[in-house]
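Morning, everyone. I have one structure to walk through today. Have a look at it first, then I'll talk.

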Amino acid sequence: MDTSIIIKAALILGGTGLVLGALLAVASKIFYVEVDPKVELIREALPGANCGACGYPGCDGLAEVIAKGEAPPSACVAGGAEIAKQIAAILGIEVKEEKVAKKALVRCGGGKNEVAHRYIYDGELDCEMAQQIGKGPSLCSYGCLGFGSCAAACPFGAIVMGEDGLPNIDWHKCRSCGVCVEVCPRGIITLVPEDKKVHVLCCSQDKGKDVRSICKKGCIGCKACEKICEFDAIHVVDNLASIDNDKCTQCKKCVEKCPTGCISVLLKGHHSVEEVAGTV
Amino acid sequence: MKKELGKKPIEEASLPDEIVIPLSQNLGSPCKPLVEIKQRVLVGQKIGDSDGFVSAPVHSSVSGEVVAIEPRLSFSGDKVLSVIIAPDGNQETSSFSGFSESEAKDADKVRVAIREAGIVGLGGAAFPSHVKLSPPKDKPITDVIVNGCECEPYIAGDHRNILENAEIIIDGLKIIMRVLGAERGYIAIETNKIDAIHHMNNLVSSEGNMRVVPLSVKYPQGAEKQLIQVILDKEVPSGGIPCEVSALVHNVGTTIAISKAVREGKPLFERVLSVAGPGIKESKNLKVKIGTPVNHLIEECGGFKGEPGKVILGGPMTGFALFDLSVPIVKGTSGVVVFPREMTIASNPRACIRCGRCVQVCPVRIMPNFIGQYIEVGMIDRAEDADVMDCIECGLCGYVCPAQRPLIQLIRHAKAKIIADRKKGGS
């Protein structure tokens, strides 16, 4: 076999490689795009989940606007105070306000054992799609459907479907991005201040009698909590108790009074975050 | 099954103990109640109306006393504000009068009469008829099609209507054509109703501008756009409505209601429907008062045969499966179809095997296989690019799918999302 063919081929390929490499090197100098090195640093500091809670197109988008000064260092909702500090340090400025972090809360206590289904649902396991078929198989038209769309959507893996058919949100992992709030077709997930632990775990605006007939843990609008509250923090509107978090002092009197147990202290309650995290 | 039911004459259904008339039976803004609790109402009395253009009033179907006005479960699973009437059995009628021959020529008057009679499309979609009869000025209608295809399996209400009320259908078609200034009228009937075709042919032969079009038996031939394509050889553009190709389609039941509203002033308070299927003791074609609960009709037909598995309001392909049989019959209900437990299988969806059967059967020529996969992974925008909005939800793709994929559910989900997005963008 003629070795010259191999040598020729090697030379041609190698030569072409060298010429093109040189061209690329020159082009990269000529067409160099100035990038603020801060963008790269900020991008690394951000959580990188691309949850979109900030309103910008992903973490890259947010990093750019923060570097330009168009958004404050605390613009990352999911990051919280810790990441805001890091970003501020990169920018060489200080974070002004320190907000209490918010966490997602599922306002429903009616799991598999409490609420029956009114028909056999035999479709896609997705809450929104189930909701489209006769407004969902759950007898309660307000409560959790239990197909776990929130768990599937959570960019931080903070939501796990419990054995009771309700989502458990791990507050250690929750970054309050609000993706689950958006995704829930029944709108039962809200963001609440992290330091407030007393909540009404029900969304049903049905009359007390109707709630009783379908769910053991629902709010029946009896107003017992409203009467016992010394701080005017809890009111029954549309057959549903709601707590004003600004006025609530966490005295827990309503929790003791509630006949159905739908007002819960998150420490001991049904959705206990600590339980999931393994601290209780 | 369908053929045998087509031989059974329409029977008058008995009055139930309670009539539930939802105040929202069609698209558009819901009606406001015009009656009070304990008030006595007569047959045909208007009990709810709305100011919206795309809406139709509702009328009492019985004489009796209003016992409650409260939200009641409707077939869609929603609780809809409804007027509940306890019939007294006398069926005392409120006085209504029709138009004279000269008045019936005034198109605007006829449109008002049709709206006041609360007429909506009786084929299933329940779209207010007076809106259909008011096309934009720059798009005149030249061809009117009366839809007697009834391509859904099991049901035969339209078939009986053609056999028993053919003269009224022809009169209704004449009224519609006059209102619109249309030149040609067609009565479309599938060839599995050969007796209806012959009967109609005999009556129509004297009319110069009308003809009966026999069509081969093929689902979903009775869908508006498909019918226009097969009869007029014109394709309604994507996202468009039939008036863009100068055509209009009305169901036979609607045509009868229009004729009765104009000639007699009779509002739409009863309709013909089939209670059918392998899960019912005796299938029947019934003339039913709007607001009759489904379970009353099932009793009327001798009850269930065996253990019921599925009760569907409408045809089996496009209807709604019910979970509560107390829901009332509404204007858009074309049938009640019952399947026994052994005929309803739990679906076991698997991955798409790319056989392409759904693509072959799709009447609007979209690709449900790809669209389904896009939606499954949340790529709604890709589904929109693949023309998911053209889907008429006939259900064929899911029916033929050997992997039992819930294609229609996925497509409906995507359509709802896209419509919601467009609304958000528009406001």
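I'll go through the chain contact, a surface patch, the sheets and a helix.

One caveat before anything else: this is a predicted model.

Start where the two chains meet. Chain A brings 15 residues to the contact, and chain B brings 17. About 1300 Å² is buried between chain A and chain B. Carbon and sulfur atoms give 50% of that area. For context, the size of an interface is often quoted as the accessible area lost when the parts come together.

How many salt bridges cross this interface? The rule finds two between chain A and chain B. There is a salt bridge between A:Lys135 and B:Asp78. Their closest N and O atoms are 3.5 Å apart.

Next, the surface of chain A. A:Val19, A:Leu20 and A:Leu23 make up a nonpolar patch there. Together they have about 290 Å² of accessible area. Take A:Leu20. It sits in helix 1 of chain A, residues 3–30. Is A:Leu20 buried or partly exposed? Its relative accessible area is 49%, so A:Leu20 counts as partly exposed. The exposed class needs over 50%.

Now chain B and its sheets. A quick reminder: strands of a sheet pair through backbone hydrogen bonds, parallel or antiparallel.

Chain B has an open sheet of three strands, ordered 3-5-6, with antiparallel pairing. Which strands stand at its edges? Strand 3 (32–33) and strand 6 (58–59) of chain B do. Each has a single partner strand, so one side of each lacks a neighbour in the sheet. Strand 3 of chain B joins strand 5, residues 46–49, through two bridges. B:Pro33 stands opposite B:Gly48 of strand 5.

Chain B also has an open sheet of four strands. The order is 2-8-7-4, and the pairing is antiparallel. Here strand 2 (19–22) and strand 4 (40–41) of chain B are at the edges. Again, each has a single partner, so one side of each has no neighbour in the sheet. Inside this sheet, strand 7 (residues 64–73) and strand 8 (residues 79–87) of chain B are antiparallel and joined by nine bridges. B:Arg72 stands opposite B:Val80 of strand 8.

On to covered strands, still in chain B. Strand 12 spans residues 247–251, and five of its five residues are buried, so it is largely enclosed by the rest of the structure. Both faces are covered. On one side are B:Ala247, B:Val249 and B:Asn251; on the other, B:Leu248 and B:His250. Strand 9 of chain B, residues 143–148, pairs with strand 12 in the parallel sense over five bridges. B:Val146 stands opposite B:His250.

Strand 13 of chain B, residues 270–276, has seven of its seven residues buried. One face carries B:Glu270, B:Val272, B:Ser274 and B:Ala276. B:Arg271, B:Leu273 and B:Val275 are on the other.

What does strand 13 pair with? With strand 14 (residues 284–289) of chain B, antiparallel, over six bridges. There, B:Val275 has B:Lys284 as its bridge partner. With strand 17 (residues 335–340) of chain B, parallel, over three bridges. There, B:Ser274 partners B:Gly335.

Last stop: helix 11 of chain B, residues 368–376. Its buried residues include B:Pro368, B:Ile371 and B:Tyr374. After the helix comes B:Gly378, with a positive phi near 80°.

That's the tour. Questions, please.

How values were computed
Residues numbered from 1 in each chain as written. Chains lettered and ligands numbered in written order. Predicted model: local features only at pLDDT ≥ 70, side-chain atom pairs only at ≥ 80, totals over all residues. Heavy atoms only, no water. Patch = residues over 30% accessible without salt bridge, like charges linked within 9 Å, V, L, I, M, F, W, Y side chains within 5 Å. Areas by Shrake-Rupley, 256 points an atom, 1.4 Å probe, with all protein chains shown as cover. Salt bridge = Lys/Arg side-chain N within 4 Å of Asp/Glu carboxyl O. Buried < 20%, exposed > 50% of the residue type's maximum accessible area, 1.4 Å probe, protein only. Pairing = 2+ DSSP bridges. Contact = heavy atoms within 4.5 Å. Buried area = accessible area lost by both parts, 1.4 Å probe.
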